[in-house]
Amino acid sequence: MTKTIKRLLPAALAVLLAGCAMQPVDSTTTRYRVAFIAKNNRDSEFWDAVFTGAEAAATEYNLQLTITAPDDEEDYAAQNQLIADAVEDGAQAIVFSAIDYEANAAAIDAAAAAGVTVISVDSAVNSDNVAAYIGADNYGAGRMVAQSVLDGMEGALCVGLINYEVNGANGRDREQGARDAFAESGRARITAAVSTHPNAASARADTLAMLRTHPEINVLIALNETTAVGAAQAVQQMQRADDLWLAAFDSNIETIDALQTGTVDTLIVQNTYGMGYFGVESAYKLLAGQGSSVEKSNITATRTITRENMFAMDKQKALFPFG
Amino acid sequence: MKRPPRTVVLAAALISGVAVAALILCTTLFLRSYRSAVVEGARTNSAQVVSQVAGAVDNYVNTMDSAVGIVLEQLDSEPAMRDAFLNAFLTARPEVAAITTYDESGSLLDCWAQAGRTPKSDILRNLSFDLTTARRLGHGYISTPHVESIFDSYYPWVVSVIRAVPGDGGSSRWLAVDLSFKELAATINNVSIGQHGYCYLMDERGNMVYHPQQQLLYAGLKKEEAGRLACLGDGTYVEDTVIYSVQRVPGSTWRVVGVSYIDETVNESFRQMVRITVITAGLVFLAALVAGWVLSRLLSRPLQQLETAMEQFEQDADHFAFQAVRGTREVQNLSDSFGHMVGRIQQLMTTVREEEIVLRKTELKALQAQINPHFLYNTLDSIAWMCERGKNADAVQMVHALARLFRISISRGHELIPIEKELQHAEAYLQIQKYRYKNQFTYHFTVDESCLHCLCNKITLQPIIENAIVHGLDLMVDSGHIEITVKPDGNDILLIVADDGIGMEPEQVAALLQNEPSDRTGIGVKNVNDRLRIYFGADYGISIESAPYEGTTVTIRTPRVPEDREGDYDKNH
């Protein structure tokens, strides 16, 4: 009897192993749910590119990704609601870009308390519960935009700053970087600074008002995509394209057109695709227990684009995302 | 010394060992073949996907060629017809972004575009046509993907096909057809090989044509080994954990590269297999324990029972009764053999004991048959002396006593004789000794009549009386007395010889019962005792009470044996 058992045992094991191996590897069990909460989802090439990156990462890591954003880029309350909804909906990680550095903090803390992993992209939020930040060095980018002006123009500079969403960390840091770089140069003076609503019409109206009030302004700095569009329109309208240096953030069809005609002189372009991609990738790594490979703060690169280099192959690819 | 382990433990360990070894062997072999099968599957999958992508790209290139062919045919038609045709063509083929012509100096001549788009009056840089390359290559070329840069607010990614237009009158012109790259890009973006695998497009020198994650490549956050792969021919290469699949697009300088990772597909399965193996190993171990338990029931327990039986047998072989142990065939054989052995040993022991008794009886009989020669000489000397002195009556009495003594001693070979005869024998001996010791002692018989016809061993009293005379009375100055009593005691009969001689020390008493008699003293007290025990058992025999200077009382205990039961005890004769 014992002999029979011994003889049958290996055969039985082989059958058992084969049987187990034939079970399909169930990958849906590890499909994580990630919510991407942006600042704005309308008419923004910046966010389109971020979403493209986010979706690429979601496809690559087989995640269930939902992308939401408030209609108004100033509506932090709506964003807080989206965070609560995402937690309610069972999201395991939230990739979040804060409209308001302070006002979004409580909602993020609540989400973290509910066990959700929070990754901050593009603009930070005042919370200790953020597992990782992915975004540009905004202060550095501010210095970069000032430097591009200083490189491009000689003589005394009268600078007009067009900022947005004063409560957002990004605009504040960029403005500070630009102010510091100008101050260090010794030949530039901030003539005027305006904080406008994040839409092109407001930016255009505020820029026109600024240029009319301060005709001596020969440098304009627009600190994000929508203010850049508005500022470019205003410069065109005032026919100041030739004697005024407009340096702006982010790429947009209108600003790219304006860059070719000379209305816009410098564009500071962020790695928007990278923000989306790395934001979602970090979410995956943190959820999958590979958190050690995720850095607490991941700075994405920014580039300076001018009329001369805009059609170089690498700049083309940075300016004109596929999709 | 360390004791060897129990069979149960050995059996469980053995089965576990065999099972685990078999399991490891099976698992290893299985995983090896499984892994190679999975890798082979991944290779095939990668090659297939890349082949499909190459097909799609080929299709795209063919579309471009056919579009260029159609446009070329129409280029020199009458302008109104040509414009109508090309506009219709653009409507029908939305993937064509623009059709442009250039003169020999590279200046833009004509432009036809989708939905009434017109080129900017001041084009910063036209990426659709590069005069230097066109001149160098002569007949034309296909550009790498680039942004359409001749329109306002319209920047699609396109690939330009440049062809020299057969000139009329020697002047050379160039035609550029810009085809949207979006569809092809989407196709490549949507390709997935395994979990994380993807495809990209490179040219023959390894320059990136299109990569789904161009942004990451340009940001320096991702690297591709396109340069190295460009040196390799078409095929699938497994390197460490990455599978590269390279395939040339027919009729083009582009090559499709598929990148997939063995880790994800194989290692996921591997982990699963390891998990299954561990669980199975656990189950096998449990099964081994159960099997060990069963084995212990089958083998070890019967062996333990046998072991116990052997120990019992060792301690008390006489009274051991073997009960057969149930179990497997081997165990039953063992048990049967042991049973046989026990039976045989017990039988042998009985035989040996019986033979010993027979031997002892024979020995004792030989002793009984012996007549102490000194006694005979002395007695005959006494008779001769009586005859010389004319004491004929005494001599006659002596001779009679001697004759009676011998007659009873022989008793026709019977071992057991009636007590009456034994008493006559004792009296004959006493009479002879009384003459010899010149009436130094007196004697008296007190006999219960009911005992006279019972049997007892012959020559039982004489050695005791001899001992009383030689050791008790001979050394006395005064005359002594020997009192012989026969009385029943329950089912036994007591023969008591009491003297009032010098008595004995306890050591002498013990020596008397243990030592063989010397030559001089006939049968001896010890032999009387032994004989009683051999015949009747340990309950019977001699007990001696003695005190120095007071006398000795020897009590012989013998069973009451009626005359007709002689055969029960004297069976060996």
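## Note on a predicted two-chain model

1. **A strand pair in chain B.** In strand S16(B), B:Ile493 is the bridge partner of B:Pro488. The strands concerned are S15 (residues 480–489) and S16 (residues 492–499) of chain B, which pair in the antiparallel sense over eight bridges. Helices (H or I, at least four residues) and strands (E, at least two) are DSSP runs, numbered from the N terminus. Two strands count as paired if DSSP finds at least two bridges between them. In general, strands of a sheet pair through backbone hydrogen bonds, either parallel or antiparallel.

2. **What kind of model this is.** The model is predicted: local features need pLDDT of at least 70, side-chain atom pairs count only at pLDDT 80 or more, and totals for chains, interfaces and linings use all residues. Residues are numbered from 1 along each chain as its sequence is written, while chains are lettered from A and ligands numbered from 1 in the order in which they are written. The scores are ipTM 0.76 and pTM 0.59. Chain B has a mean pLDDT of 83, with 93% of its residues at 70 or more; pLDDT is the predictor's confidence in each residue, from 0 to 100.

3. **The sheet around that pair.** Five strands of chain B form an open sheet, in the order S13-S15-S16-S18-S17, with mixed pairing. Its edge strands are S13 (441–447) and S17 (541–547) of chain B, and each pairs on one side only. Neighbouring strands in this sheet are turned by 15 degrees against each other on average, direction ignored. Helix H12 (residues 461–473) of chain B packs on the sheet and touches S13, S15, S16 and S18 (551–559) of chain B. The direction of H12(B) makes about 20 degrees with that of S16(B). Axes are lines fitted to C-alpha atoms, for helices over the stretch in contact, and angles run from 0 to 180 degrees between N-to-C directions.

4. **Is helix H12(B) mostly covered or mostly uncovered?** H12(B) is mostly covered, with 12 of its 13 residues buried. A residue is buried if 20 or more other C-beta atoms lie within 10 Å of its own, exposed if 12 or fewer, and partly exposed in between; C-beta atoms are placed from the backbone. The buried residues include B:Pro463, B:Ile465, B:Glu466 and B:His471. Their cover includes helix H11 (419–436), helix H14 (525–536), S13, S15, S16 and S18 of chain B.

5. **Strand S7(B).** S7 (residues 198–202) of chain B has five of its five residues buried. B:Tyr198, B:Tyr200 and B:Met202 point one way, and B:Cys199 and B:Leu201 the other. S7(B) pairs antiparallel with S11 (residues 255–261) of chain B over five bridges. Two bridges also join S7(B) to S8 (residues 208–210) of chain B, again antiparallel. B:Leu201 stands opposite B:Val256 in S11(B), and opposite B:Tyr210 in S8(B).

6. **Two hairpins in chain B.** S7(B) and S8(B) form a hairpin with five residues between them, and B:Gly206 in the turn has a positive phi of about 90 degrees. S1(B) and S2(B) form a hairpin with five residues between them, where B:Gly106 in the turn has a positive phi of about 90 degrees. S1 (residues 96–102) and S2 (residues 108–113) of chain B pair antiparallel over five bridges. B:Thr100 stands opposite B:Cys111 in S2(B).

7. **An annotated segment.** An unreviewed UniProt entry places a "transmembrane region" at residues 273–295 of chain B. UniProt positions are given in the numbering used here, feature names are shortened, and annotations may be inferred rather than shown by experiment. In the model, this stretch of chain B is 100% helix and 0% strand, with its end C-alpha atoms 31 Å apart.

8. **Helix H6 of chain A.** Among the buried residues of H6(A) are A:Arg172, A:Asp173 and A:Phe182. The buried residues pack against helix H5 (138–152) and strands S6 (157–164), S7 (188–196) and S8 (219–222) of chain A. Just after H6(A), A:Gly186 takes a positive phi of about 80 degrees.

9. Chain A has 11 helices and 12 strands; chain B has 15 helices and 19 strands. Of the 323 residues of chain A, 53% count as buried. For the 573 residues of chain B, the figure is 32%. Two residues are in contact if their C-beta atoms, placed from the backbone, lie within 7 Å. Among chain A contacts with a separation of 6 or more, 73% join residues 24 or more positions apart. In chain B, 66% of contacts between residues at least 6 apart in sequence join residues at least 24 apart.
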